[in-house]
Amino acid sequence: MREHLEKTEKENEQPQQPDMNLLSNPENVTADTNNKVSGASEKSSEESSEERSEENSEKNSENSKLGALLKNKVAGTGSKKFDDEYVEDDFKIINRLDREEIIKKKRRRKKTLRNFAIIFFVALIILTFFSNTIMNYSLPEVTTTTVFSGNVSQKIRCQGSVEISNDMDLTVSGTRTVKEVLVEDGDEVKEGDVIMTFEETENEDLKEAESTLEDLELSYEKSQLRASTDYTDDEVNIQNAKDALADAETALTQAKADEASLATAKTEQSAAQEAYNTKNAEVEGLQAQVDSYQNLEGYTGDVDVDALIAELATAKSELATLEATLNEKNSLVTELSSKTSVADAEDEVTEKSQSLDSLQRGLTSKKQSDSLTAQTNALDDADAVKKIEEQKEKIAKLKEADDCKEIKANGTGIITGITAKAGDKVNAESPIANIQLADSGYVVTCNTTKKDAQMLKVGNEATIENIWSDDVQATIKSIKADTSDPNQKSIVKFAVTGNVQVGETLQFAVGEKSNKYEVVVPNNAVKEDNGGRFVYVVNAKPTPLGNRYIVKKVEVDVVASDTKNSAIQGDLSEYDNVITNASKPLDNGQQVRLTDN
């Protein structure tokens, strides 16, 4: 493009001849110019409206000027000046069009880069938006409510059906076959009314009871044949062990004495050996002198050889005595060295002592075990005697009631729970019907949680919420653990007086009056773990893409609660948002999303 511009400038500097075809036909020049202008106009349609307007006005002005010059030329009114101006203007227009084309290309390139940048940032924003949207959908969804101030009633509510307070089971004394049932569930009976009759059959329970008594008595008699315990052998072994220990201790004393004597004998042996060695050296010296003089024939010197021989004889006699003493000492040392050492004697004493202790512990343990066995046998014997007596009493009752042909009501009330019909066999002591005694009052049994039951006490008065009569009153009669789930559930029994019907449902409210509290939340907002009770508070954290919601775990104390709300104390205040429900388990500091509603 730059070379083209330079070429165009050089051409503009040199005079050029106008195109004769254009001069001869000005309409062609005008058309050609208009085509260039129109082509440039089409290419510049992408520019702004203001730029296109200015360019078109300039081009129209130039075209008008060129058209006028061409018309003058054709009409013969032109001159050389006109020709020069025409040629100069023509090249200016063409040069201007080339420059405009270059500028347009630059603008298009800039516009393309700008469009790419816009598209990039728009795509970045869209991807960021969608990534946040996807992340939000993966977060736990939570439902929140605002902490508020309000009343907490501290009342426990429950309900149950009215029942007779006291009842009585009807049983038979032995196995019977039902002949006829004379009443139905719900019938009112009076004391002495016949409930059902039985067939005349042999009492199988009596036979079984007598057979059981025989077995019990036989077992007791066998238990009395136990052999008595004899400890004679154990005591003899212990005495022998004591004697062996005494002998070992005596041997230890003797070993210690022998060890002392051995030390003395070794000292004396050493002294005798030294005296013997000295005397032996003396004898050897005298013998050498005597031998040297005796070898000299006709010796007549000054030395008295006979005296020297006499001295040698004396020294040999003394040496023999010392040798005898040394041999005696050696024999004594050898004898004492062969005796038992103190260490061996001590080991023997230890072994005998341990053996004695083992035998004594064994006898003690045996006596303790036998004592426990004896005590157990005594308890078993006492239990056997008790069972025999109970069985005898049972047989006596069965014999007394053996002629039972019917069972009667033992109180006035309503018959319930009849379990037998004509032809059925009923067993002894098994309830066959129940009488709810009319004069015993009414009770209502309610199930509640162990936590709620801990807030109640026996004797608390209860409000009956579905009866408006003042003559119906209720108090807590008993509170017991529910055997189906004693760690979590309790059974509360209410004593009810007044005009109520058996089977009627009563709704109770028990507890303190309501009080006003500053910080109250729904019960399901309060959680509990090993560290105690807490709530999850949601805090909003502003970001360029909107708020993020972060969970904060706040430990609390529950000061009061009812069936719906709890009054709490902790590091939170009114208008904080607490979580009541969550789609996933939560952790402190975790990001969550709120439900749409």
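## Terms and model

Two strands pair if DSSP finds at least two bridges between them. Helices (H or I, at least four residues) and strands (E, at least two) are DSSP runs, numbered from the N terminus.

This is a predicted model: local features need pLDDT of at least 70, side-chain atom pairs count only at pLDDT 80 or more, and totals for chains, interfaces and linings use all residues. Residues are numbered from 1 along each chain as its sequence is written, and side-chain values use heavy atoms, with hydrogens and water left out.

## The chain overall

The protein chain holds ten helices and 23 strands. It has 597 residues, and 28% of them count as buried (under 20% relative accessible area, 1.4 Å probe, protein chains only).

Take the contacts (heavy atoms within 4.5 Å) between residues at least 6 apart in sequence: 77% join residues at least 24 apart.

## The barrel

Six strands close into a barrel. Their order is E3-E12-E15-E14-E13-E16, with antiparallel pairing. On average, neighbouring strands of this sheet are turned by 40° against each other, direction ignored (axes are lines fitted to C-alpha atoms).

Ala462 stands opposite Ala474 in E14.

## Asp258

Asp258 sits in helix H7, residues 232-294. Asp258 touches Leu336 and Lys339, leaving aside residues up to four places away in sequence.

Asp258 is buried but has no salt bridge (a side-chain nitrogen of Lys or Arg within 4 Å of a carboxyl oxygen of Asp or Glu). The nearest side chain of opposite charge is Lys339, 4.4 Å away. Lys and Arg count as positive, Asp and Glu as negative; His and the chain ends are not counted.

Terms used: Axes fitted to C-alpha atoms, helices over the stretch in contact; angles between N-to-C directions. Buried < 20%, exposed > 50% of the residue type's maximum accessible area, 1.4 Å probe, protein only.
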